[in-house]
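Here is a short tour of the charged pairs in this protein. Take a look at the model, then read on.

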Amino acid sequence: MKDTFAKRNFLTFMIFLISLVLGIFLLVKTFSDQKFAFLKYKEQSNIDYKVYLKDNNFFDEKYIEKGKTYITSLIDYIHVDYDYNIDFDQEVSGEYSYKVIAKIEANKLDNAGTYWEKEYDITDLKTEKIKKKNNIAINQSVDVNYNQYNDILKDFIKSVGLSNAEGTLKVYLQINSNVDGKNISAPIESELVLKLPLSQLAIEASIDSEVENDVHEIREELKKDNVLIFLLATTGAWKSSQLNNDTWNRRKGCVIKGVQACNNTYDREEPGRIF
């Protein structure tokens with residue numbers, strides 16, 4: 001009987017030792033060999049616009065193309081086309097949302113700060129879902145009532161009595177994407193901005209986009225599952241050792257009381273067993 005218990009104790013010890021060594025190996029490997037998931041993407045964008053004119057005796061054209069100088073008193077509205085494209089190096093799923101916003105800024109001269117600013121939604125927020133795609137493409141067109149925003153700024157300047165302010169109208173497409181790739185999640189935010197001066201007799205528009213036609217990379221560290229394996233392995237081995245020790249102590253106690261007592265005890269646990 002002592003030989004049997006000794007063998008069982010030795011077996012339990014070996015299981016515990018192997019589990020401990022394996023757990024330590026996995027733990028060390030986890031922290032020495034960090035692995036990452038990657039998602040690469042490339043954004044491309046374009047803003048095109050035409051300035052439509054009021055009826056006048058000076059221009060025969062209905063509109064003036066982008067990149068020109070515009071007399072503000074002749075502006076009827078500005079038509080803007082936004083084109084946005086993002087390509088991923090793997091299939092992604094998730095959703096993206098976008099809307100066009102007009103932002104008025106009353107700025108101090110020489111870029112010294114801002115007196116006041118306010119945003120107005122030109123379009124409602126649109127949300128689209130994607131599933132296992134490598135690309136997101138957005139095409140959005142809007143008509144901007146330039147005079148409406150110009151009048152708002154003039155009213156503000158007159159109401160507060162400013163004499164050293166200059167205004168800017170930013171009309172921008174705001175894009176928010178949340179996509180899941182292979183073992184990685186990526187929130188991506190982008191803005192395509194058309195800037196128009198306010199409270200001036202003549203203006204020139206400019207494009208100020210945050211989108212760069214470069215390849216971007218997002219890196220995310222993979223979860224350390226080996227740490228969990230280590231904890232489970234060592235806990236299981238320790239528990240097994242404890243159960244074996246409890247069994248040994250009970251059997252040792254009943255041996256002291258007598259063989260018959262041992263047989264009566266273990267007949268209930270293992271019928272037919274005889275020491």
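This is a predicted model: local features need pLDDT of at least 70, side-chain atom pairs count only at pLDDT 80 or more; totals for chains, interfaces and linings use all residues.

## Before we start

Side chains of opposite charge can pair when their charged atoms come close. Here, there are six salt bridges, with a side-chain nitrogen within 4 Å of a carboxyl oxygen as the cut-off.

## Lys40 and Glu217

Let's begin with Lys40 and Glu217, whose side chains form a salt bridge at 3.9 Å, N to O. Lys40 sits in strand E1 (residues 36-53) and Glu217 in strand E11 (residues 215-221), so this pair ties together parts that are 177 residues apart in sequence.

How open are these two? Lys40 is partly exposed, at 38% relative accessibility. Glu217 is partly exposed too, with a relative accessible area of 47%.

## Glu95 and Lys129

Next up is a salt bridge between Glu95 and Lys129, at 3.1 Å from N to O. Glu95 belongs to strand E4 (residues 75-108) and Lys129 to strand E6 (residues 126-144), so the pair ties together parts 34 residues apart in sequence. Glu95 is partly exposed at 33%, whereas Lys129 is exposed at 68%.

## Lys99 and Asp121

Strand E4 also holds Lys99, which pairs with Asp121 in strand E5 (residues 114-121), 22 residues apart.

Which side is buried and which is exposed? Lys99 is buried at 18% relative accessibility, while Asp121 is exposed at 52%.

Finally, salt bridges with shared partners join Lys103, Glu105, Glu117 and Lys170 into one network.

Notes
Residues are numbered from 1 along each chain as its sequence is written. Side-chain values use heavy atoms; hydrogens and water are left out. Helices (H or I, at least four residues) and strands (E, at least two) are DSSP runs, numbered from the N terminus. Buried means under 20% relative accessible area, exposed over 50%, partly exposed in between (1.4 Å probe, protein chains only).
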